[in-house]
Amino acid sequence: MTTSPTTAFAPLRNDTFLRACLRQATDYTPLWMMRQAGRFLPEYRATRAKAGSFMGLATNVDYATEVTLQPLDRFPIDAAILFSDILTVPDAMGLGLSFALGEGPKFATAVRDEATVAKLEVPDMVKLQYVFDAVTSIRKALNGRVPLIGFSGSPWTLACYMVEGAGSDDYRLVKTMMYSRPDLMHRILEINADAVALYLNTQIEAGAQAVMVFDSWGGVLADGAFQEFSLAYTRRVLAKLHKTWDGATIPSIVFTKGGGLWLDEMESLDCNALGLDWTVNLTKARALVGGSKALQGNLDPNVLFAPPEKIEAEVIKVLNAFGTPHSGSGLGPTHIFNLGHGISQHTPPEHVAALVEAVHKHSRLMRGAC
C-alpha cells in the first residue's frame, strides 16, 4: 500500500484547531461540527443522489472529497473531517454493510456465536484503500486551508453494531453476550481495537492531521462495564497510534457520548482532547481534566433550531462555561467548539452560519481581541 508523505501537501494556513488540540494558545476558539458534511446541506443531498447510495458516496474518492469540502465552502470552520462511516472496518471484516435510504446501517452477517467470532480477524487494509485514497484526495483539495481529521468508531461501538446487526434501542443482544459470554466479547474487542489502530494509522499515513475515536455507545454501559469493555479497548487503540508522522504531531481526540460520569478516569487516556456531549458542565470538566486535556464541545445540536439571536446566546453560555482559554506561551486549558453530538439533518444552514459567526466573534472578545 502506498501513501503520500506529509511533505507532498501544501503548508497549513490555519492551524488553530491543531494548536487548540495540543493545548497551545489560539487567537479565537476553533470550531467544527460532528456530521458537518451531511444531509442538512442541499448540496450534499444533490451529490448523494448522483452517487445513488450512501456507500456509493463513501467509496467514490471524488464524491467523498466533494462532500467533505462542501461545509468549508459555506462556513469559515476550522477543520475538515473525512467523509466516511464508522462501520467501514467491520464491513472490511466481511460482515456485509448496507444502508437503505432513510434507515440506519445493517450487516448481512451478525456476530453472535462462537463460530462467527472465531472467523473475525483484523482486515487487510487494502479492502479499505478507498478510504485512504479519499484522505489523500481531500488533503490535496484542502490545499492547506484547514487540517483534516480522520476517524473511526471505538472498539465497543463497532461491537454493538456487529452483534446487534444494526442500530439498537436497548442493546439487548450485545449486552447479553457481554454478561453471559464475556470471553467472546473480549475477543471481538481485541480484534476491533487492533483493527481500529491500524485503520487510523493508515489514515495518518495517507494525510490525516488529527484522528478521532467515536465511542458513540460507551454511555449505554453500566459503571464498571464501561471501564472493562469500552475504556480499556479505547486505551489499547491509543497506545498503538502514531503520535507524530513525517515531522508533524498528530493529535488524537476521544468522544464518549454519555461519558461525562467517567471523565476523571478518561483523563489518563493517551490522547490530546476529550469530546463532551451537552450533558457535561464545561466549567466542572475544565476543573477536572483541563490541566492535561483540551476539551471539545458541547452545544446541544437542537439549539440550532432556535432563532439566530438565541443561538448566539447559547454559544456565549458555552464559551463562558469553559471560561477564558489559555493565552501566552506554554500549555494550558484550551477549548474546541463543537456540538454535543452530530448535527441534525433538519438544521437550517443559515443557523449554522449564525453559530460559526457567534463562536468566532465572542471567543475573540473573550481574549480581548476585536
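Colleague: How many bridges join strand β9 to β10, and in which sense do the strands run?

Modeller: Two strands pair if DSSP finds at least two bridges between them. Here three bridges join β9 (residues 273-275) to β10, and the strands run parallel. A273 has A294 as its bridge partner in β10. Helices (H or I, at least four residues) and strands (E, at least two) are DSSP runs, numbered from the N terminus. This is a predicted model, in which local features need pLDDT of at least 70, side-chain atom pairs count only at pLDDT 80 or more, and totals for chains, interfaces and linings use all residues. Residues are numbered from 1 along each chain as its sequence is written, and side-chain values use heavy atoms, with hydrogens and water left out.

Colleague: Which strand pairs with β10 in the parallel sense over five bridges?

Modeller: Strand β11 (residues 335-339) does. G297 stands opposite F337 in β11.

Colleague: What is the hand of the unit made by β10, helix α14 and β11?

Modeller: A crossover is right-handed if, with the strands pointing away from the viewer, the path from the first strand over the helix to the second runs clockwise. The unit of β10, α14 (residues 308-322) and β11 is right-handed.

Colleague: Why is β10 described as largely enclosed by the rest of the structure?

Modeller: Buried means under 20% relative accessible area, exposed over 50%, partly exposed in between (1.4 Å probe, protein chains only). Six of the six residues of β10 (residues 294-299) are buried, so the strand is largely enclosed.

Colleague: Where is Q24, and which residues does Q24 touch?

Modeller: Q24 lies in the loop between α1 (16-21) and α2 (42-51). Contact means heavy atoms within 4.5 Å. Not counting residues up to four places away in sequence, Q24 touches R19, H326, G330, L331 and T334.
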